[in-house]
Amino acid sequence: MLANVINLPAQHDNSHLFELIAQDIETKGFSIRPGALPALIAESLLSHQLSLNSAKYQDAGIGRGEDQITNRFVRTDEICWINGESDAGKRWLDWANELKNYLNRRLFLGLFSFESHFAHYPQGAFYKRHVDSFKGNTNRVLSLVTYLNSNWSNDDGGELVLYQDETDHVGTRVVPLMGTLALFLSEDFPHEVLPAARDRYSVAGWYRVNSSMTDRVDPPR
Ligand SMILES: O=C(O)CCC(=O)C(=O)O
Ligand SMILES: [Fe+2]
């Protein structure tokens, strides 16, 4: 028995990182962890995203399901949903699922599903201040963003600015550097993406509670 255990290949152990994230969310409602996404996942997401041709992208919309509209005054990024068909997508979804299970055990958040997409902000693209979920319309509970840009400099813009509440106009800035993780409670933190001076690559995702118990079918996006 013991020999078997010792011979197991080294598994990447996420529990230390997951615990730090849980503590951040418990105490502050958000977590910013520079370079924390395992490098193998970050690198495979980036190479997959770079291989997507423009036909795979759609203009990002505002709102949900059939109510979704494109509003170029609010956001100008383009997105591609991750369905787990690629190895990169699978690795990412597995990792996100492991984090979901950890946070559910640790914080009793009742997270049920996870949806995510690649986002490409071409030069000049932005996403104006918004919240990811509206109170009373409980669906997205926890937002998770990771960034896939190496060598991002102060002049490149494109920071995520996370505000404490509606009255906060200073916020916390997050540089979209490779492997940095940003998580925040979706209803509580208004945020924006400042205009990027060069191509900005990221993956944005949301954990949702199961709200399909209501009378209407809850659209997956
Ligand atoms: O890319 C980011 O930093 C945040 C993106 C965002 O706010 C969103 O897609 O809802
Ligand atoms: Fe957002």
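Reader: What makes up the secondary structure of the protein?
Author: In this predicted model, the secondary structure comes to four helices and eleven strands.

Reader: How do you know that the span of helix α2 agrees with its number of residues?
Author: Helix α2 covers residues 15-28, which is 14 residues. The expected span is 1.5 Å times one less than the number of residues, and for α2 that should be 20 Å. The end C-alpha atoms of α2 are 20 Å apart, so the two values agree.

Reader: Which residues touch the most other members of the largest nonpolar core?
Author: L45, L148, A182 and L183 do, within a core of 42 residues. Elements that each supply at least two residues of this core include α3 (39-51), α4 (87-107), β4 (113-121) and β9 (181-185).

Reader: What makes I32 count as touching A182?
Author: Two residues are in contact if their C-beta atoms lie within 7 Å. A182 touches I32, V145, L160 and V174, with residues up to four places away in sequence not counted; therefore the C-beta atom of I32 lies within 7 Å of that of A182.

Reader: Which residues are around ligand 1, and how do they divide into nonpolar, polar and charged?
Author: The residues around ligand 1 are A119, Y127, D132, V145, L160, H191, V193, S202 and A204. Six are nonpolar, two polar and one charged. Asp counts as charged, so D132 is the charged residue of this shell. Both β10 (191-193) and β11 supply at least two residues of the shell.

How values were computed: Residues numbered from 1 in each chain as written. Chains lettered and ligands numbered in written order. Predicted model: local features only at pLDDT ≥ 70, side-chain atom pairs only at ≥ 80, totals over all residues. Core = buried A, V, L, I, M, F, W, Y, C linked by C-beta atoms within 7 Å. Buried ≥ 20, exposed ≤ 12 C-beta atoms within 10 Å, placed from the backbone. Near = placed C-beta within 6 Å.
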